[in-house]
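Here is a friendly walk through one protein model, written for someone who would like to find their way around it. Please keep the sequence and the 3D view open while you read.

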Amino acid sequence: MTANNIGVDGPVAAAGAWLAGTSRALLVLACAGLAGCQASNLGEGLDASSSSISPVSSSTYGSGPVTVTMLLPTDAALRKKAADIADGAKLALDDLGAGQLRIDFQAFSSTSGQAASKVQAAAAAGSKLIIGPATNAEVSDIIARASPPRPPVLALVANNSAGGTHIWPLYGDAIDSALEGVGVAVAAKQNNIVVVHEAGFPAENLLRLREGIRLKGGTTIGFVPYPKSGANLSGAFAKGAAVFAKANTIVLLGGGEAIGQVIDILAAGEFGKSIATAIATSLIPEEIYKRPSAQGLMVAIPSTSDVSVISGRFKAKFGRAPSYDAAIGYDAIAIAAGLVRSGGAEAITVENLTSNQGFRAATGLFRFRPDGRVERRMVVHRIEDGGLKVIQDEGDGF
C-alpha cells in the first residue's frame, strides 16, 4: 500500500563472515540516531549549531481558517529543538498550507505544568490539531488531565508504551528499529529470538519489544541482561547459555560503555553458536562502526534523504541548514495541510490520521497506529570500511 506523499517532492544479502573463526553472518540492524535515542546523530550532515538560536515565544503564523496549536518548550536545554521545530513548521505552512492553516505557537517551560491546560484552551478555541509537547512528563499530564473530547495530539517525543487516547509520538525509538530488524529476520526464517539488554532497561519497552516480535511472527525465547559497567560480561552471558542455545537471532539493546565489549564477545562466537542473525539499535554509538568486529554488520536508520528537498528553502529563510527536528516540524504541519487540502476544514480526524496508507514526507515513511504508536520504515545499510552502504530502501509503503 503506497503512502500519501504529504510534503516533499528485495531480501537482504548475507553480511559476510562476522563471527570470528566461523562462516556465520551476524546481521545487526540499528536506528543509529532516532530522536529520543541519539537525536544528534540523525541530523549529522545537517546543521548542529545553536549559537544564534533564540528561544521560541508565543505567537501566531499564517491566517488560514484552520488552527493548529504547537506546544513548544522554552527550556534552555531544548532551545534549539524548539526553534528548529517551529521554523520547520513555518516553512511547511508557506509551502503547503498558505491560506488554509494558522499556527498558534504556545511557548512555556516543560516543568511549568501547563501542558494540559494549554490543550484544553486550544480545544475550546477550536484548534483542530495539537503538535507537542516535547517531554514525556507533559504527555502524561495531558493523559491525566485533558482526556477526549479534544483535538488529536502529535507529541514531540519518541515512541513509548504509555501513550494515551488519540495521542501519537512523532519520533521513533530504538524498539522501532529493533522491530524493523525482527521483520527481516523472521522473513529469513530466523524467528527464535533472544533479547540481550543492559540491566535496568525499561521494562515497558521490553514488553513492547516482546509484543512486537510476536506480531512480526517471531518467538521471544528469553531475555539475557548484562551489567552496564561491563564487569564480568562473559559470566553474564554464561548464565544465559540455555537461552542462547535455543535461539537463532539476537536483539541487542544498550549503548553504554560496555557495548563495544559486548559486540566483541559475541563476535568471538563463544556464546550462541546457533545464532545467525542479530539486531541492534540506535543506542549503539556510531564510533562502534569503526571497530574491526563491527565490519559486515547491518544498520537500519530512518531515511533523511528527503530532508534535502526542503534544505535550500529552509536555509534561505532561516540562515541555517535544517536539522531532523526541523524536518519533524515540517512534517507535522504537512500532515495537517495535506488532510485539509484533500478533505476540507474538518478532515483532521483520528480516522484520517491512522490511515493504513501512512504518510511520506521529509522524515521518510511513517504511519500512526490506532494503539498510539508511530511506525517508521527504515533504510537498511551494511557497515563497510567503517561506513554505511545502502542495501535496502525503505520502500514505497506499508
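The sections below go through a sheet and its helices, a crossing of helices, and some backbone details.

## About the model

This is a predicted model, in which local features need pLDDT of at least 70 and side-chain atom pairs count only at pLDDT 80 or more, while totals for chains, interfaces and linings use all residues. Residues are numbered from 1 along each chain as its sequence is written, and side-chain values use heavy atoms, with hydrogens and water left out.

Helices (H or I, at least four residues) and strands (E, at least two) are DSSP runs, numbered from the N terminus.

Let's begin with an open sheet of four strands, paired in parallel in the order 9-8-10-11; two strands pair if DSSP finds at least two bridges between them. Strand 9 (219-226) and strand 11 (277-279) are the edge strands, each with a single partner strand, so one side of each has no neighbour in the sheet. Direction ignored, neighbouring strands here are turned by 20 degrees against each other on average. In general, the strands of a sheet pair through backbone hydrogen bonds, either parallel or antiparallel.

Strand 8 (residues 192-198) pairs with strand 9 in the parallel sense over seven bridges. To find this pairing on screen, look for Val194, whose bridge partner in strand 9 is Gly222.

## Helices on the sheet

Helix 5 (residues 174-187) packs on the sheet and touches strand 8, strand 10 (249-252) and strand 11; its direction makes about 160 degrees with that of strand 11. Helix 9 (residues 259-267) also packs on the sheet, touching strand 9 and strand 10, and its direction makes about 170 degrees with that of strand 10. Axes are lines fitted to C-alpha atoms, for helices over the stretch in contact, and angles run from 0 to 180 degrees between N-to-C directions.

Helix 9 is mostly covered, with seven of its nine residues buried. Buried means under 20% relative accessible area, exposed over 50%, and partly exposed in between (1.4 Å probe, protein chains only). Among the buried residues of helix 9 are Ile259, Val262 and Leu266. The buried residues of this helix pack against strand 9, helix 7 (233-239) and strand 10. Gly269 follows helix 9 and has a positive phi, near 85 degrees.

Back in helix 5, you will find Glu180. Glu180 is buried, at 13% relative accessible area. Apart from its neighbours within four places in sequence, Glu180 is in contact (heavy atoms within 4.5 Å) with Arg376, Arg377 and Met378.

## Helix 10 and its partners

How far apart are the axes of helix 10 (residues 307-318) and helix 11 (residues 324-343)? They are 11 Å apart, and the two helices pack at an angle of about 95 degrees. Helix 10 and helix 11 are therefore roughly perpendicular to each other, a label for angles of 65 to 115 degrees. Val307, Ile310, Arg313 and Phe314 in helix 10 meet Ala326, Ala327 and Tyr330 in helix 11.

The axes of helix 2 (79-97) and helix 10 come within 11 Å and cross at roughly 110 degrees. That makes helix 2 roughly perpendicular to helix 10. Within helix 10, Val307, Ile310 and Phe314 are buried. These three cover an arc of only 70 degrees around the axis, which puts them on the same side of helix 10; the arc is that of the directions from the helix axis to the C-beta atoms. Ser308, Gly312 and Ala316 are exposed on the other side of helix 10.

## Backbone details to look up

Most residues other than glycine have a negative phi, and most peptide bonds are trans. A cis peptide bond joins Gly132 and Pro133, with omega about 0 degrees, and Pro133 lies in the loop between strand 5 (129-131) and helix 4 (136-145). Another cis peptide bond joins Pro148 and Pro149, with omega about 10 degrees.

Asn232 has a positive phi, near 50 degrees, and sits in the loop between strand 9 and helix 7. Asn232 is exposed, with a relative accessible area of 58%. Asp385 has a positive phi of about 55 degrees, and at 81% relative accessibility it counts as exposed.

Notes
Angles under 35 degrees count as roughly parallel, over 145 as roughly antiparallel, 65 to 115 as roughly perpendicular and the rest as oblique.
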